[in-house]
Amino acid sequence: MYNLNDNLQENSKRAENNPQEKYSGMGQAGQGGQTGQRDQGGRRVYMDNSATTPQDYRVTEAMTAFMTETYGNPSSIHQFGRVARTAVEKARGQAAELIGATPAEIVFLSGGTEANNLAIQGVANARANKGRHLITTAVEHHAVLDVMTQLSKKGFELTVLPVDSEGLVNLADVQAAFRPDTILISVMHANNEIGSIQPIAEIGTLARERGVLFHVDAVQSLSKLPISVIDMNIDLLSVSGHKIYGPKGVGALYIRKGVKILPMAYGGGQERNIRPGTENVAGIVGFGEACRLAAEGLGGVFAIERLRDKLLNGIVESIPDVIVNGPLGDLRLCNNVNVCIKFIEGESLLLSLDMQGIAASSGSACTSGSLDPSHVLMAIGLPHEIAHGSLRLTLGKQTTEEDVDYVLEKLPPIVERLRAMSPLCDCEASQL
Ligand SMILES: Cc1ncc(COP(=O)(O)O)c(C=O)c1O
């Protein structure tokens with residue numbers, strides 16, 4: 001008979017022996033990896049960790065009981081409910097600890113998109129009588145930009161700060177944007193496409209001095225950069241489970257004690273009336289465990305950074321006419337490679353890489369289904385035709401040296417082949 005516990009123990013044993021399998025059985029096809037299409041050569045390399053990360057097996061283990069025998073509703077007063085409540089509160093503590101908050105300041109919800117929506121709409125609706133001016137940047141995720149745009153159609157005024165060629169905001173521009181009626185500034189910590197890390201602590205100081213609330217989308221930076229909501233003067237912070245080796249469909253919004261926001265939904269008292277609805281207990285438990293593991297593993301980012309640099313340098317050295325997008329050095333997120341490969345289309349490149357078992361993206365995952373060039377690449381000043389050739393490779397803690405070598409082996413001949421077919425390419429000029 002199938003026994004779940006035996007199966008989990010077996011998975012853990014396998015994972016201990018093979019680091020790649022710690023994350024949902026990543027690695028070479030045919031070794032108990034994820035189901036899905038196999039590439040021709042048998043190897044699969046996942047380089048799309050900013051779209052989502054594989055779930056850590058310890059997260060799965062922590063969640064399993066809450067998807068099977070421990071099914072109480074945390075709002076129930078009986079024992080079943082109390083067990084679930086205890087687990088949710090433990091996770092709240094784990095999430096709070098990772099960002100230097102107190103558990104009472106954490107609201108669980110469905111992920112980064114909802115957290116951004118709730119933070120921005122919640123503040124706008126609660127503070128509309130104090131002022132109607134909002135500030136953000138041109139490189140935010142759509143879950144910020146589109147909310148801001150909606151609010152601007154409802155009588156709020158919006159300042160969208162430009163960024164420089166590396167995707168960074170200028171503090172003088174931030175300072176100049178504040179007005180007496182500004183109620184909120186929202187700036188992401190690290191950009192999901194090109195990895196630029198914004199001067200969050202400095203912006204926090206400017207906002208706090210002026211009594212303006214400061215929201216930070218930290219979906220990409222959590223687990224990769226240290227975050228202290230106190231030291232950085234952050235009032236609201238969005239985070240998401242599936243970017244930190246946790247489950248999809250769960251995340252949290254930090255709301256500093258004393259900050260009033262209005263809910264977006266009504267109908268229950270859960271999560272302090274701010275996010276009503278029965279809690280996703282298993283998801284929250286998994287998110288809490290992912291936060292605990294992230295706190296333990298922050299030191300591991302150096303290993304990812306080393307592989308990232310090897311990949312980035314290898315691409316630039318082996319392929320002519322490549323532009324690196326985003327900053328180099330400390331202001332770049334540890335796992336991000338983003339380049340524009342001139343004379344080819346990002347989509348064709350993605351398909352060719354996929355056929356070799358390499359998962360990458362062009363622009364962000366959310367926009368790669370559209371033919372519009374990425375708003376981030378436009379904001380850093382790239383012309384359309386160059387932005388169309390963008391390639392994002394994002395590493396994770398399961399990425400190995402062999403993965404990087406494999407990409408460096410496969411990518412240059414793919415580019416050469418696509419350029420040879422491209423009407424945009426003067427192949428002799430680019431010496432192919
Ligand atoms: C910077 C940023 N914010 C928000 C989100 C949305 O998060 P979720 O997928 O949890 O809704 C993403 C997802 O890619 C992101 O990269």
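Predicted model: local features only at pLDDT ≥ 70, side-chain atom pairs only at ≥ 80, totals over all residues.
Strand β8 spans residues 251-255. Five of its five residues are buried. G251, L253 and I255 point one way from the strand. A252 and Y254 point the other way. Both sets are buried.

Strand β8 pairs with two strands, β2 and β7. Strand β2 (residues 106-109) runs antiparallel to β8 and is joined to it by four bridges. Here V107 has L253 as its bridge partner. Strand β7 (residues 236-240) is also antiparallel to β8, with five bridges between them. On this side, V239 stands opposite A252. Leaving aside residues up to four places away in sequence, A252 touches A95, I106, V107, F108, L109, A115 and V239.

Nonpolar side chains tend to be buried together in soluble globular proteins. In this model, the largest nonpolar core has 113 residues. Among those with the most contacts inside the core are A252, L253 and Y254 of β8. L184, L237 and V285 also belong to that group. Helix α8 (residues 281-297) supplies the largest share of the core, nine residues. Domain 1 (19-55 + 299-421) and domain 2 (60-297) both contribute residues, so the core lies between them.

The glycine sits in the loop between β9 (322-324) and β10 (336-341). E305 is 24 residues from G329 in sequence. Their C-alpha atoms are 9.7 Å apart in space.

Methods:
Residues numbered from 1 in each chain as written. Buried ≥ 20, exposed ≤ 12 C-beta atoms within 10 Å, placed from the backbone. Pairing = 2+ DSSP bridges. Core = buried A, V, L, I, M, F, W, Y, C linked by C-beta atoms within 7 Å. Domains from an automatic or database assignment. Contact = placed C-beta atoms within 7 Å.
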